[in-house]
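Here are my notebook entries from an afternoon of looking things up in this structure.

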Number of protein chains: 2
Amino acid sequence: MDYEKILPEVIKKNENKILLLVLDGVGGLPHPETGKTELETANIPNLDYFAKKGSCGVIIPVLPGITPGSGPGHIALFGYDPIEIQIGRGVLECLGIGMDIKKGEIAIRGNFATIDENNIVIDRRAGRIPTEENEKLVELISRNIKEIKGVKIEIRTVKEHRCAIVLRGENLSPAVSENDPQKEGLPLVEIKPLKEEGKLTAEVLNEFERKVREILKKVNSKAKGILLRGISTLPHIPSFQEKYKLKAACIATYPMYKGISRVVGMDILETGETIEEEFETLKKYYDEYDFFFVHIKKTDSFGEDGNFMGKVKILEEIDRKIWVLKNLKFEAIAITGDHSTPSMLKSHSWHPVPLALISPNTIPDDVEKFTERDCAKGILGKLYSKEVMYLLLACSLKLGKFGA
Amino acid sequence: MDYEKILPEVIKKNENKILLLVLDGVGGLPHPETGKTELETANIPNLDYFAKKGSCGVIIPVLPGITPGSGPGHIALFGYDPIEIQIGRGVLECLGIGMDIKKGEIAIRGNFATIDENNIVIDRRAGRIPTEENEKLVELISRNIKEIKGVKIEIRTVKEHRCAIVLRGENLSPAVSENDPQKEGLPLVEIKPLKEEGKLTAEVLNEFERKVREILKKVNSKAKGILLRGISTLPHIPSFQEKYKLKAACIATYPMYKGISRVVGMDILETGETIEEEFETLKKYYDEYDFFFVHIKKTDSFGEDGNFMGKVKILEEIDRKIWVLKNLKFEAIAITGDHSTPSMLKSHSWHPVPLALISPNTIPDDVEKFTERDCAKGILGKLYSKEVMYLLLACSLKLGKFGA
């Protein structure tokens, strides 16, 4: 990314504070009956106030037409290239349930699967066993397998047939193949090192997988083995401190977002489950950090459920709570989302996301509402998510002159 | 192109259909007397209807300020990078007159030229001989030269002094120099291999060029030899099927556009000469394909002729015929052009081209007219042509989530 070539020359520390407020999946699509999106339907005078006060635009999470998962969505907002810096699926799965992963450790997504006596995979999801059954199996496996060849193994339930595994030890590498044949009716595949450095990891995983099958043989469950997928490790990524000279904190309620924030070196602040508690935490720690990332999850959840009015209501609730921001001094605030989650699609989407940038050092435009269509007419126009961070740094006067 | 890193992970098949309707050279410039462009002058209620119904924007064919030929213009609309993927001039010339070129074959643009007895090039265009004279020369050459060193040679008239040549055989390569001295008064240049693999091709072309001079010695024509230029071969380019999992068809009246479509693996559908017949063909084959590229040439032709009112009239004709689209179900339609061809410039131009994207999965804006200035205010803002294809795929729900 071109910014990396410039940043070391221009970045500087000062006392100004930055807030990145992410309303997860905030953007939407028009309801067919009213022609209005969730944001256009909601009564959100405070969000509108910030749109009016600031410069507006819309942001493209990755590329036009590309729908991001939470990983790329946030990595981009944090100012990294979401195509260059990809967080492995195993890492995201583990972060998503709050497992601790350090550099050099290996994170894996596991699927409990039905496997017959000839090692043929009969059902790649073991009939989607209930989460409680999964918990019992994981407990049993944890008790019986703690370490293989000096490598510590931690396994945790995600839900249904899904679990997450972390390997901890020396000389580990994600350069190994997977054991999932991808199709039912085919035999389990032996895990092989893809490079010399993957040798130990492949041995450990093959042994682990064999032992799991031994253990599950004696259990009354459709789960008879485990498919190991998304075998990955933390990406090499400069932290906020290194890259931006920022002491940064994350306020989030879901493990996934805390996890991604930890990957970029943010401190994770203890907070409660509600939006109110998140803003309380912001107030409490206000003096201690240069940069706050506040993540609000519920907008996305209602979108994913296809609950249009639920999303409208939560937007209105956020709007009421957001009032507190007017009493905290930030030199630069961005209010935006990591992607859109239109209730009409019941999923993340590719649509550009509204952005309001509030700072004394930006030009307000005539946008008066925090909506997709209004913000698209804003003075910031269309940006990439990965550019927002640099506008925040610039508006807080933390970027010096490039070149003489 | 960054899309290539993402596409294999996210592309998926479904039943939704896509239409890319290209009005060649549709954009224009204001008439000095009225201050209105061709699109602003024309009465085009149906195109306006689609602009109103959809999301609008303007597209940049290659880069701001860069005027594309038909090759880059279409390659970009097909979702390839027009700078990375260049179709050689020889290939375009041959495709333009409907010659068949396969992988490994060599396509060449030929200029009949006046060359004296000392091999000095006197006139690089042989006084722009009439097309009928060209046809007679080509007939004579074809009759006398069919094969050299086992390589089959086909020569065809383009027009005036221009002809097109295809070499077919084994071990051919475009890695050879040209024989055109570029300036009059200089001698013909010997064709040399630029790499080892170009050896045979250079030998064949030198021999061909000598034989042509022999033949033309005895003919009463200013054409006394042939300059061989744009020596090229089909680019390595993944097909629509490989890249997008799309069964794609092209409906076009001009050989050039059929040719470029064939390069990206589209089926070329038989159609007539009129816009009406092109839409009839679309209806007829509607069930058989996932993706249709419909190309309308006449907008460009009138622009190239500097015929402002002719272009206005053809826009109005297209507008009447386009009505049929309302009765065909497409999940995503893009109506746009490959570039602008302002009548005022009598040539292709660099100006961004209006785009209307119609889909239930996009946000309509308040653009009410399909013109340069109105579409520029649309919610899609300014895009690159190469991004349009990904919006079509996204809007037809053929792109899954990138990253977890």
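This is a predicted model: local features need pLDDT of at least 70, side-chain atom pairs count only at pLDDT 80 or more; totals for chains, interfaces and linings use all residues.

**Entry 1: the contact between the chains.** I looked up who takes part, and found 25 residues from chain A and 20 residues from chain B. On the chain A side that touches chain B, at least two residues each come from strand S3 (67-68), helix H4 (70-77), helix H5 (89-96), helix H13 (372-375) and strand S15 (381-384). That side of chain A divides into 13 nonpolar, eight polar and four charged residues.

I then asked myself which strand of chain B S3(A) is joined to. My note reads: strand S15 (residues 401-402) of chain B, through two bridges, with the strands running parallel. In that pairing, A:Thr67 has B:Lys401 as its bridge partner.

**Entry 2: the nonpolar core.** Which residues touch the most other members of the largest nonpolar core? They are A:Leu355, A:Leu392, B:Leu355 and B:Leu392, in a core of 253 residues. Helix H14 (residues 385-395) of chain B gives the largest share of this core, eight residues. Setting aside neighbours within four places in sequence, A:Leu392 is in contact with A:Ile18, A:Leu20, A:Ala332 and A:Ala334. A reminder to myself: in soluble globular proteins, nonpolar side chains tend to be buried together.

**Entry 3: a sheet in chain B.** I traced an open sheet of eight strands with mixed pairing, in the order S10-S9-S11-S1-S12-S13-S2-S14. Its edge strands are S10 (267-268) and S14 (381-384) of chain B, each pairing on one side only. Inside the sheet I checked strand S9 (residues 248-251) against strand S11 (residues 291-296) of chain B: four bridges join them, and they run parallel. Here B:Cys250 stands opposite B:Phe293.

**Entry 4: two hairpins in chain B.** S5(B) and S6(B) run antiparallel and are joined by two bridges, with B:Ile148 opposite B:Val151. Two residues lie between these strands, and B:Lys149 takes a positive phi near 50° in this hairpin.

S6(B) goes on to S7(B), again antiparallel, with seven bridges. I noted B:Glu154 opposite B:Val166 in S7(B). This hairpin has two residues between its strands, and B:Glu160 takes a positive phi near 50°.

**Entry 5: helix H7 of chain B.** I looked up the span of H7(B) (residues 199-217): its 19 residues reach 28 Å from first C-alpha to last, close to the 27 Å expected at 1.5 Å a residue. Which residues of H7(B) are buried? My list is B:Leu200, B:Thr201, B:Ala202, B:Val204, B:Leu205, B:Phe208, B:Val212 and B:Leu216. An α-helix has 3.6 residues a turn, so residues three or four places apart point the same way. The buried residues of H7(B) pack against several elements of chain B, among them helix H6 (131-144) and strand S3 (106-115).

Methods: Residues are numbered from 1 along each chain as its sequence is written. Chains are lettered from A and ligands numbered from 1 in the order in which they are written. A nonpolar core is a set of buried Ala, Val, Leu, Ile, Met, Phe, Trp, Tyr and Cys residues joined through C-beta atoms within 7 Å. A residue is buried if 20 or more other C-beta atoms lie within 10 Å of its own, exposed if 12 or fewer, and partly exposed in between; C-beta atoms are placed from the backbone. Two residues are in contact if their C-beta atoms, placed from the backbone, lie within 7 Å. Ala, Val, Leu, Ile, Met, Phe, Trp, Tyr, Cys and Pro count as nonpolar, Asp, Glu, Lys and Arg as charged, and the others, Gly among them, as polar. Two strands pair if DSSP finds at least two bridges between them. The expected span of a helix is 1.5 Å times one less than its number of residues.
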